[in-house]
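Take a look at the model below.

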Amino acid sequence: MENGRACTQQIRQVLLLFVLLGMSQAGSEPGSFSVAEEMQSGSFVGNLAKDLGLKVRELSSRGAQVVSNDKKQRLQLDINTGDLLLSETLDREELCGSIQPCVLHFQVLMKNPTQFLQIELQVRDINDHSPIFLEKQMLLEIPENSPVGAVFLLESAKDLDVGINAVKSYTISPNSHFHIKMRVNPDNRKYPELVLDRALDYEERPELSFILTALDGGSPPRSGTALVKVVVVDVNDNSPEFEQAFYEVKIPENSILGSLVLTVSAWDLDSGTNGEICYTLSHASEDIRKTFEINQKSGDITLTAPLDFETIESYSIIIQATDGGGLFGKSTVRIQVMDVNDNAPEITVSSITSPIPETAPETVVMVFSIQDIDSGDNGRIVCSIPEDLPFVLKSSVENYYTLETERPLDRESTAEYNITITVTDLGIPRLKTEYNITVLVSDINDNAPTFTQTSYTLFVRENNSPALHIGSVSATDRDSGTNAQVTYSLLPPQDPHLPLASLVSINTDNGHLFALRSLDYEALQAFEFRVGATDRGSPALSSEALVRVLVLDTNDNSPFVLYPLQNGSAPCTELVPRAAEPGYLVTKVVAVDGDSGQNAWLSYQLLKATEPGLFGVWAHNGEVRTARLLSERDAVKHRLVVLVKDNGEPPRSATTTLQVLLVDGFSQPYLPLPEEAPAQAQADSLTVYLVVALASVSSLFLLSVLLFVAVRLCRRSSAASVGRCSVPEGPFPGHLVDMSGTGILSQSYQYEVCLTGGSGTNEFKFLKPIIPNIQAKGPGKNSEENPTFRNSFEFNF
């Protein structure tokens with residue numbers, strides 16, 4: 001068995017060797033792409049699949065992604081098309097400065113199996129910067145005895161662009177004394193020199209100025225200008241000379257600020273001010289000016305800013321020595337920066353897989369790269385993890401590593417692992433970096449959520465505000481991760497007529513229950529439904545609980561009077577015989593309340609009466625009874641206002657009005673009010689019939705009177721005139737019309753007739769019906785609306 005294991009281990013090592021060789025071979029031929037700087041994010045760079053000879057579906061199936069050592073994702077890969085796109089706008093000057101060409105290195109990580117492909121992206125320069133003079137005004141002091149052809153240094157313009165887009169030429173405004181000549185310094189940068197074409201004469205012209213223009217080679221070209229002011233000085237025929245034409249010095253990158261780098265020295269054969277030498281930095285870039293400083297008197301060059309070998313390895317400086325007469329000499333200083341182990345190794349994580357299945361062997365947990373930007377042994381690094389963990393590190397190309405499981409894991413014994421990856425360089429002193437990663441072991445969904453209660457009872461008071469929180473349900477799951485994440489839902493109600501979706505809602509995350517609308521106890525006193533709790537495992541497990549909602553009543557309904565009917569018609573009239581004994585039941589006020597409990601307990605009281613003390617109302621049943629014996633002095637008509645009040649907090653109430661007529665007996669004629677619409681319609685019909693009958697009888701009576709008058713007039717043939725009212729000698733019958741049995745009106749009508757005579761004319765003087773005055777209102781009509789009709793009637797007791 002041990003021989004079999006050894007054989008298997010050897011076969012695995014051989015296969016791993018072939019895989020690594022294949023990866024190395026694939027990484028040795030990097031793909032090259034080119035893109036112009038300042039292109040917008042999302043711009044097309046190239047097709048990775050076409051350039052590297054891969055298939056597009058292979059990129060997708062193997063989970064290809066672009067990674068870089070500087071932890072910045074400047075490129076993104078569309079795995080559906082194989083296109084490389086810019087993730088951000090690239091600035092060549094920011095990325096590479098003056099280095100040309102500007103090449104960025106990336107790796108394409110292919111998973112399943114793991115493979116790294118090298119790609120290079122060259123950022124092309126565009127002419128997006130104009131030449132700039134650090135000094136907008138240059139002052140030159142030139143002796144008047146300077147020979148024709150003498151050369152004078154001018155400050156060069158700085159252009160952040162490179163190549164053809166860098167400074168190409170210099171020009172000056174037309175003048176009769178100078179022209180420009182181009183020079184190239186040790187850094188291959190062009191700088192201008194001013195050449196004297198005609199001798200200067202201090203007495204003729206002590207000063208002159210012109211414009212110096214720097215042009216780059218872009219299309220279209222950009223330019224920058226500076227003013228050159230020439231001051232002509234007198235007689236200085238010796239220029240300073242340096243002891244060495246070239247200085248070279250080495251300095252460690254961790255040198256202390258202010259330390260002496262180098263001392264340059266020059267002499268001048270002149271005397272006085274013409275022999276006094278001033279040292280300056282000439283044609284120095286911004287990096288040189290902020291990093292080094294020279295003492296103008298002593299020539300000491302000191303360090304003013306920290307050095308970084310990883311950024312700039314060397315500096316080339318031109319030192320100019322100028323005497324008091326304006327003559328100068330120059331020398332070149334080359335400062336070489338020496339590397340020290342000042343950078344700890346860096347770990348760049350490309351991908352992390354956590355949690356990982358507990359039963360899957362040799363699973364890739366993490367893909368990362370390590371680097372140290374130092375050089376030599378300072379940049380050589382080793383990587384390791386603790387030996388007592390079931391994980392192993394496997395090396396790949398270009399300092400890429402994978403962290404894999406060495407054997408199947410057991411979550412029940414260990415649910416998570418804390419792994420420390422240690423990276424150490426070989427410099428002196430050694431520097432190390434540690435990266436901690438927590439690897440979780442994924443769980444199996446074998447536990448359903450469990451509610452804290454099998455059933456919940458919630459109480460909510462009616463007339464609640466919409467979206468009111470009425471309670472919560474809660475369930476827990478013994479699993480971990482997504483298997484323990486519980487979501488809540490409302491299950492379909494067992495009662496198909498219950499509109500559950502419009503009554504309540506549940507917060508799927510925390511189980512809070514909300515009433516969606518205002519509840520009415522009178523419409524719905526209680527309802528129940530089921531809620532479900534489902535975890536997010538695969539497959540998902542769930543459980544359910546019963547929720548019962550009880551609606552609590554509030555006093556939101558006033559008492560409603562059923563009798564007497566409160567429909568806007570004339571109040572109902574109750575008849576009470578004058579012989580009624582005390583406690584005689586006049587009527588009963590009937591009322592109901594839509595609320596429940598004490599909110600529906602009703603009490604009655606007499607609020608207002610025409611004659612207090614004559615009637616009383618029983619507080620509990622609403623019966624209206626006489627309180628004492630009736631007398632002849634009591635008014636015929638009484639108006640009672642009864643208050644109906646519930647026992648709620650605050651209490652609500654309603655009032656009703658009763659009309660009571662005192663009569664000698666129930667045989668006395670009266671006009672009761674109808675209690676419903678059909679009786680009212682019948683009463684209206686009978687009234688019309690009565691009016692028609694009265695009109696007919698009146699017409700017949702009038703015709704009889706006219707005939708009688710005509711007969712009398714015929715008998716008086718010789719009468720001269722009649723100027724008085726003639727009243728018949730005998731009285732008319734007292735009862736001309738008698739209508740009874742209608743149930744509405746039973747009265748006798750009597751008419752009084754007064755006749756007047758004139759010369760040949762007779763006139764109907766007066767016709768007046770006499771009818772008892774009915775106090776009650778007719779059906780559907782208000783007796784007070786017609787005063788003539790009202791005053792024509794009176795009761796006969």
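## Cavities

What volume does the second largest cavity have? About 40 Å³. The model is predicted, and two cavities of 30 Å³ or more are counted in it.

Eight names make up the lining of the second largest cavity: His177, Arg198, Leu200, Asp201, Glu204, Arg205, Leu208 and Val232. Which kinds of residue are these? Four of the lining residues are charged, three are nonpolar and one is polar.

## Aromatic pairs

How many aromatic pairs does a search of the whole structure find? The total is 11. Phe391 and Tyr417 form an aromatic pair with an edge-to-face arrangement. Their ring centres are 5.4 Å apart, and the angle between the planes is 80°. An angle over 60 degrees counts as edge-to-face.

Why does this pair tie together separate parts of the sequence? Phe391 belongs to strand 27 (residues 391-395), while Tyr417 belongs to strand 29 (residues 416-425), so the pair links parts that are 26 residues apart in sequence. Are the two residues buried or exposed? Phe391 is buried, and Tyr417 is buried too.

## A ring cluster

Some rings join into a group. Phe152, Phe178 and Phe210 form a cluster, linked by ring pairs.

Definitions and conventions:
Residues are numbered from 1 along each chain as its sequence is written. This is a predicted model: local features need pLDDT of at least 70, side-chain atom pairs count only at pLDDT 80 or more; totals for chains, interfaces and linings use all residues. Side-chain values use heavy atoms; hydrogens and water are left out. Rings of Phe, Tyr and Trp (its six-membered ring) pair if their centres lie within 6.5 Å; planes under 30 degrees apart count as stacked, over 60 as edge-to-face and the rest as tilted. Helices (H or I, at least four residues) and strands (E, at least two) are DSSP runs, numbered from the N terminus. Buried means under 20% relative accessible area, exposed over 50%, partly exposed in between (1.4 Å probe, protein chains only). On a 1 Å grid over the protein atoms alone, a cavity is a set of points where a 1.4 Å probe fits but cannot get out, and a pocket is an open set with protein on both sides within 12 Å along at least five of seven lines; lining residues have an atom within 4 Å of a point. Grid points are joined across faces, edges and corners, and a volume is the space filled by probe spheres set on the points. Ala, Val, Leu, Ile, Met, Phe, Trp, Tyr, Cys and Pro count as nonpolar, Asp, Glu, Lys and Arg as charged, and the others, Gly among them, as polar.
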